[in-house]
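Dear colleague,

Please find the structure below, with its sequence. My notes on what was found in it follow directly after.

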Amino acid sequence: MFVAPEIELVRRTARERYTAEQVREALDRMARQIAADLARKRPLVIAVMHGGAFAAVEVCKRFDFAYEFDYVHVGRYGAGLTGGELTWIVRPKATFRDRAVLLVEDVVDRGLTLTAVQAEIDQIGVAELCTAVLVRKASYPGDPRPRVDYVGLETGSEYLFGCGMDYKGYWRNLPSLFAVEESASGSAS
């Protein structure tokens, strides 16, 4: 399979923003916080696909209590580096009603996707909605941010990949979190 040279160049020139150990520590901390709040509620954990699947699975591996797992699938980026129009692929289900729900996302930037997912889930009528994100980027002046109850790591506005986050569909599998160097992609933000 042919992989564009740009994809390899971005990986070679990227700056490691958080090591695999730092990511593990953040996931451990998040899992402890979530367990303290939700363990007795037998929550429904919902991954926001694609990137949120990594964070959701990693957090869930640390739980020693009963929970159910599901997902929603919404996209804004496709193979691009900037968000576009929100597209629902799999919407929240009516079976979420009256449940304690933990929504897990990989990253919150401006928060448009997470805000939309939270609104859809709220319309169903869940008993409680908590949100966890592996990475919260710096906020932008004037942008409303969604509520996030559990945050693993904080970063600036750089474009990130690894730990479920991708660069044009690649590199989600990396255990460390990397920042794209502007010169490598030419258009990353």
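Helices (H or I, at least four residues) and strands (E, at least two) are DSSP runs numbered from the N terminus, and two strands count as paired if DSSP finds at least two bridges between them. Strand β9 (residues 177-179) runs antiparallel to β8 and is joined to β8 by 2 bridges. Contact here means heavy atoms within 4.5 Å. Axes are lines fitted to C-alpha atoms, for helices over the stretch in contact, and angles run from 0 to 180 degrees between N-to-C directions.

**Basis of the model**

The model is a predicted one, in which local features need pLDDT of at least 70 and side-chain atom pairs count only at pLDDT 80 or more, while totals for chains, interfaces and linings use all residues. Residues are numbered from 1 along each chain as its sequence is written, and side-chain values use heavy atoms, with hydrogens and water left out.

**Overall composition**

The protein has 5 helices and 9 strands, which follow one another along the sequence as α-β-α-β-α-β-β-β-α-β-β-β-β-α. Of its 189 residues, 47% count as buried; buried means under 20% relative accessible area, exposed over 50%, and partly exposed in between (1.4 Å probe, protein chains only). Among contacts between residues at least 6 apart in sequence, 66% join residues at least 24 apart. The protein exposes about 9,300 Å², of which carbon and sulfur atoms supply 51%. Accessible areas come from the Shrake-Rupley method with a 1.4 Å probe; for residues, only the protein chains shown count as cover.

**The six-stranded sheet**

A second open sheet has 6 strands in the order β4-β3-β2-β5-β6-β7, with mixed pairing. Its edge strands are β4 (87-90) and β7 (150-155), each of which pairs on one side only. On average, neighbouring strands of this sheet are turned by 25° against each other, direction ignored.

Strand β5 (residues 100-108) is mostly covered, with 8 of its 9 residues buried. Towards strand β2 (residues 44-49), β5 pairs in the parallel sense through 4 bridges, and L103 of β5 is the bridge partner of I46. Towards strand β6 (residues 128-137), β5 is again parallel, here over 8 bridges, with L102 opposite C130 in β6. Between β5 and β6 the chain passes through helix α4 (residues 112-124), and this β-α-β crossover is right-handed; that is, with the strands pointing away from the viewer, the path from the first strand over the helix to the second runs clockwise. Strand β2 also pairs with strand β3 (residues 68-75), in the parallel sense over 6 bridges, and M49 stands opposite H73 in β3.

Two helices lie across this sheet. Helix α4 lies across β2, β3, β4, β5 and β6, at about 165° to β5. Helix α2 lies across β5, β6 and β7, at about 150° to β7.

**Backbone details**

The peptide bond from M49 to H50 is cis, with omega near 0°. H50 is found in the loop between β2 and α3 (52-60).

The loop between β8 and β9 holds C163 and K168. C163 has a positive phi near 55°, in a residue other than glycine, and K168, likewise not a glycine, has a positive phi near 50°. C163 is buried at a relative accessible area of 0%, whereas K168 is partly exposed at 26%.

**Aromatic pairs**

Rings of Phe, Tyr and Trp (its six-membered ring) pair if their centres lie within 6.5 Å; planes under 30 degrees apart count as stacked, over 60 as edge-to-face and the rest as tilted. The count by this rule is 6 aromatic pairs. One of them joins F65 and Y67 edge-to-face, at 6.3 Å centre to centre and 75° between the planes. F65 is buried at 12% relative accessible area, and Y67 is partly exposed at 31%.

With kind regards
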